[in-house]
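This report describes the strand pairing, the nonpolar cores and selected residues of one protein model. The sequence and the coordinates are shown first.

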Amino acid sequence: MSLAIPLAELRPGEGRLVEDGGREIALFLTDAGPRAVDARCPHAGGPLQDGILSGTRVTCPLHLRRVDLDTGEVDDCAERVRCYAARVDGDRVVLELA
Ligand code: FES
């Protein structure tokens, strides 16, 4: 299953919350292209879409752990956040949610 978000709704360097059937996803337009992860930080549920983006890492706004948007690894946390494939397709970003 995939989901398309208009590119015009995204700002480079800022996160956006995307909701789909109860699932919450944080979508980022990084310098390396779009990245998408589950929106809730695995440490304690912080809203990753509100974090500060640096490259392909986002700093969670709650306790400032850094989350790698490519691997899902979270600093000082045993759990990873789920990552989703995302690509630009014309004027949209397509997320693969399967
Ligand atoms: S909830 Fe994200 S670092 Fe604690």
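Two strands are said to pair if DSSP finds at least two bridges between them. Strands are DSSP runs of E with at least two residues, numbered from the N terminus. The model is a predicted one, in which local features need pLDDT of at least 70 and side-chain atom pairs count only at pLDDT 80 or more, while totals for chains, interfaces and linings use all residues. Residues are numbered from 1 along each chain as its sequence is written, and side-chain values use heavy atoms, with hydrogens and water left out.

An open sheet of six strands has the order 1-9-8-4-3-2, with antiparallel pairing. Strand 1 (2–6) and strand 2 (15–20) are its edge strands, each pairing on one side only. From one strand to the next the twist averages 30 degrees, where axes are lines fitted to C-alpha atoms and angles between N-to-C directions run from 0 to 180 degrees. Strand 8 and strand 9 form a hairpin with two residues between the strands, in which Gly90 takes a positive phi near 65 degrees.

| Strand pair | Bridges |
|---|---|
| Strand 3 (residues 23–30) and strand 4 | Six |
| Strand 8 and strand 9 (residues 92–96) | Five |
| Strand 6 (residues 57–59) and strand 7 | Three |
| Strand 4 (residues 33–38) and strand 8 | Two |

Phe28 stands opposite Arg35 in strand 4, and Val58 faces Val67 in strand 7. In strand 8, Tyr84 is the bridge partner of Ala36, whereas Ala86 has Leu95 in strand 9 as its bridge partner.

**Nonpolar cores**

A nonpolar core is a set of buried Ala, Val, Leu, Ile, Met, Phe, Trp, Tyr and Cys residues joined through side-chain atoms within 4.5 Å. Buried means under 20% relative accessible area, exposed over 50%, and partly exposed in between, with a 1.4 Å probe and protein chains only. The largest nonpolar core has 14 residues, of which Ala26, Phe28, Val37, Leu48, Val58, Val67 and Leu69 touch the most other members. A second, separate core of twelve residues includes Ile5, Val18, Tyr84 and Leu95. Leaving aside neighbours within four places in sequence, Leu69 is in contact (heavy atoms within 4.5 Å) with residues including Phe28, Arg35, Val37, Val58 and Cys83.

**A buried arginine**

Why does Arg35 count as buried? Its relative accessibility is 17%, so Arg35 falls in the buried class. Arg35 belongs to strand 4. Its side chain makes a polar contact with the side chain of Asp70 at 2.5 Å; such a contact is a pair of N or O atoms within 3.5 Å, one able to donate a hydrogen and the other to accept it. Beyond four places in sequence, Arg35 also touches Ala26, Leu27, Thr56 and Ala86, among others.

**Positive phi in loops**

Leu64, in the loop between strand 6 and strand 7, has a positive phi near 65 degrees although it is not a glycine. Leu64 counts as exposed because its relative accessibility is 60%. Asp76, likewise a residue other than glycine, has a positive phi of about 55 degrees. Asp76 lies in the loop between strand 7 and strand 8 (83–89), and at 72% relative accessibility Asp76 counts as exposed.

Terms used
Helix = DSSP H or I, 4+ residues; strand = E, 2+ residues; numbered from the N terminus.
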